[in-house]
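Thank you for giving me a few minutes this morning.

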Amino acid sequence: MNIIALHGGLDTSRSRSFMEILERAALDGFMLLAEGRVPAVEAVLNVLEDSPNFNCGFGAVLNMDGEVELDASICDGETGRFAAVAAIRDVRHPVSVARRLLEETSQVVLAGDGALQFARQHGFPEENCISEEQLDAWRKARESLARGEKPAQNLYTGLAYHGDTVGCVVWDGKGLTAASSTGGCSLKLPGRVGDTPSLGGGVYATRLSAVVCTGIGESFVETLTAKFVDEKIAGGAHPQQAVELALRRLAELKGAEGGILAVDAQGRIGSAFNAGQFPVVVMEEGRVRRDFEPVNLRRALSAH
């Protein structure tokens with residue numbers, strides 16, 4: 001059996017049009033799974049990076065200066081390799097740059113101008129990642145700030161309704177891989193880096209599990225939430241139990257919202273969130289599981 005599971009980000013719409021893009025991304029990954037887990041997760045996230053509906057690649061949120069700065073990472077549990085790019089500009093597929101870094105160098109993280117230089121040297125063209133929708137949202141937010149008002153946009157999405165960091169976990173029956181891609185949080189400071197390039201913070205993979213997280217990155221970094229999930233699975237917990245424990249811990253330590261998706265070496269899946277929405281698609285052997293729903297802990301956690 002093989003599994004490809006992906007999420008579209010915290011507070012992202014679960015309307016059919018959004019879910020269809022996630023399902024198409026999963027299928028693209030499945031078609032490449034015979035080539036390896038890393039090509040598969042790259043293919044999945046490339047679809048989302050191309051869509052203006054998700055906060056990654058084209059259509060990512062803008063920082064305070066009106067620029068798109070992207071983070072992306074890949075972690076392969078079987079080999080123990082990790083690579084990430086942070087605060088990279090003018091590249092539509094940052095996860096592909098992370099893959100190139102993973103496979104062709106011994107470096108782990110490249111950031112800013114260095115990441116951009118590496119991308120250009122390896123043939124990634126200059127591309128404008130600013131969508132009209134995000135640009136309009138940024139202008140309205142700046143106008144609100146100028147009036148001394150709090151911007152109305154969702155912090156995760158930059159918009160009224162969609163989409164935060166996207167992520168994917170893969171189990172091919174032999175090993176586990178995790179990958180994430182994001183534009184970060186709306187109106188972030190230039191140069192800000194979140195949990196996506198933070199190994200153990202927002203992404204993690206070992207021979208036991210693959211984990212991806214979404215939410216306010218600083219909270220995941222400071223609590224090493226992805227690694228916490230792996231540790232619980234290593235201790236015998238089911239992935240569903242592990243992600244729920246991690247979210248409760250995140251809420252207790254940081255008062256933060258989040259979404260977590262994990263798969264273990266037995267092909268068991270766990271997913272939970274404590275925000276408005278969290279679209280997740282699980283594909284087993286090339287078929288979408290229509291019965292899978294992430295557990296919403298929002299009411300349970302807000303009661304404490």
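Which residues does Thr165 touch, not counting residues up to four places away in sequence? Before I answer, please note that this is a predicted model, in which local features need pLDDT of at least 70 and side-chain atom pairs count only at pLDDT 80 or more, while totals for chains, interfaces and linings use all residues. Residues are numbered from 1 along each chain as its sequence is written, and side-chain values use heavy atoms, with hydrogens and water left out.

Now to the answer: Thr165 touches His7, Gly8, Gly9, Asn55, Ser180, Ser181, Thr182, Thr196, Cys213 and Thr214, where contact means heavy atoms within 4.5 Å. Thr165 sits in the loop between α5 (132–146) and β5 (166–171); helices here are DSSP runs of H or I with at least four residues, and strands are runs of E with at least two, numbered from the N terminus. Thr165 is buried, with a relative accessible area of 3%, and the cut-offs are under 20% for buried, over 50% for exposed and in between for partly exposed, using a 1.4 Å probe and protein chains only.

Let me turn to the nonpolar core, meaning a set of buried Ala, Val, Leu, Ile, Met, Phe, Trp, Tyr and Cys residues joined through side-chain atoms within 4.5 Å. The largest one has 49 residues, and those touching the most other members are Leu6, Leu45, Leu48, Phe54, Ile88, Val97 and Cys168. Helix α2 gives this core its largest share, seven residues. A second, separate core has 23 residues, including Ala5, Ala84, Phe273 and Val280.

Finally, the axes of α1 (residues 16–32) and α2 (residues 37–50) come within 7 Å and cross at roughly 155 degrees, which makes α1 roughly antiparallel to α2, a label used for angles over 145 degrees. Axes are lines fitted to C-alpha atoms, for helices over the stretch in contact, and angles run from 0 to 180 degrees between N-to-C directions.

Conventions:
Parallel < 35°, antiparallel > 145°, perpendicular 65-115°, else oblique.
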